[in-house]
Amino acid sequence: MHSSANFRGIVFMCLAMVSFACNDALVKSVTGAMNTGQIMFVRGLLTTMMVLVIAVHFRAFRPIRTILRPAIILRIVMEALASITYISALGQLPLANASAIMQALPLAVTLGAALFLREPVGWRRWAAIAIGFVGVLIVLRPGPDGFTTAALTVVACVFCTATRDLCTRRIGSDVPSLFITVTTALITTLVGAVLIVPFGGWQPMSATSLTHIAIASILLMFGYQTIVLAMRDGDISVIAPFRYTSLLWSVAIGIFFFSETPDSWMLAGVAVIVGSGLYTFYRESLRGRKAVAQRSLAGPLE
């Protein structure tokens, strides 16, 4: 039964990663036809409508004042900033490079959890985090030519997304995940609407562009749902490393659809990031097993 749960989790994680990679590719394909604000608005509008239907069905709504909790406010702000930074970078950066930098997210989350949530992190994981960020620098390419605005924008997206994930941990269990998703999607859509004019104004959308955005919205929703399913069953230490399969899809899509060829710097950086991330997952799994063993030895309380 346990191995079956792990297998299901791995399948769902792989499905989530291919969904996110295809979503990124579709968004990248329309960055030349519309600005970041318009993409956020149109995609967000479609996503909000889909999530709204699901939230109504499951009666996930809560009083509006619930949104005013600091953790929820900060999470929404970070989600909006992550969307702005990542979509802006996609139009200027190879898909594989953007995806490679985003693979530092688990390391950034571990770093934030240690610094702000006081979660214990041993020296080995600190070393893995440091090495992982060296990998990011390699992807960025040492020297003035490598540190482009777009690449640094993806780095900013990593930290915004990590902060968003850490905020999620601080939200009470009394707030349904669907309620958070609906409010985040709605406010991010409104932010996109506000940015349309400052970012260049509304551009007419072709049927192709609209279709790409619509499919991207569906894939985004599918990705969010499958990643939740992936993490519910089985061992996280077994399932989580399969998030790196998104890199394979991003590289393949970049090669075949955008004529992008990964260079040696990117491949070397990816190897360092993924290696350090896998080691971090390994150390976390050891820590989890040790904690379970200690509770077992302690026995039941009387």
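## Ground rules

Helices (H or I, at least four residues) and strands (E, at least two) are DSSP runs here, numbered from the N terminus. What you're looking at is a predicted model, where local features need pLDDT of at least 70 and side-chain atom pairs count only at pLDDT 80 or more, while totals for chains, interfaces and linings use all residues. Residues are numbered from 1 along each chain as its sequence is written, and side-chain values use heavy atoms, with hydrogens and water left out.

## The annotated stretches

UniProt, in an unreviewed entry, lists "domain: EamA" at residues 8-140 and 150-276 (positions follow the numbering used here, feature names are shortened, and annotations may be inferred rather than shown by experiment).

## Nonpolar cores

A nonpolar core is a set of buried Ala, Val, Leu, Ile, Met, Phe, Trp, Tyr and Cys residues joined through side-chain atoms within 4.5 Å; buried means under 20% relative accessible area, exposed over 50%, and partly exposed in between (1.4 Å probe, protein chains only). The largest core has 52 residues, and I39, Y86, I101 and V154 touch the most other members. Helix 7 (residues 149-169) is the top contributor to this core, giving eight residues. There's also a second, separate core of nine residues, with I10, M17, L220 and I227 among them.

Which residues does I39 contact, leaving aside its neighbours within four places in sequence? The list is V27, V30, T31, M34, G44, I87 and I213, with contact meaning heavy atoms within 4.5 Å.

S209 belongs to helix 9 (residues 207-232) and is buried at a relative accessible area of 9%. Setting aside neighbours within four places in sequence, S209 is in contact with V30, A33 and M34. V30 and M34 turn up among the contacts of I39 as well.

S276 sits in helix 12 (residues 264-298) and is also buried, with a relative accessible area of 5%. With neighbours within four places left out, the contacts of S276 are L107, A128, I131 and G132.

L137 is part of helix 6 (residues 123-140) and counts as partly exposed, at 43% relative accessible area. L137 and G269 are 132 residues apart in sequence, yet their C-alpha atoms are 7.4 Å apart in space.

Most residues other than glycine have a negative phi. So where are the exceptions here? One is R59, which has a positive phi of about 50° without being a glycine. R59 lies in the loop between helix 2 (36-57) and helix 3 (70-90) and is exposed, with a relative accessible area of 73%. R118 also has a positive phi, of about 60°, and is not a glycine. R118 is in the loop between helix 5 (105-116) and helix 6, and is exposed at 69% relative accessibility.

## A nonpolar patch outside

L68, I73, L74, V77 and L81 make a nonpolar surface patch of about 410 Å². L68 is in the loop between helix 2 and helix 3 and is exposed, with a relative accessible area of 62%.

Patches use residues with over 30% relative accessible area and no salt bridge, joining like charges within 9 Å and nonpolar side chains (Val, Leu, Ile, Met, Phe, Trp, Tyr) within 5 Å. A salt bridge puts a side-chain nitrogen of Lys or Arg within 4 Å of a carboxyl oxygen of Asp or Glu. Areas come from the Shrake-Rupley method with a 1.4 Å probe, and for residues only the protein chains shown count as cover.
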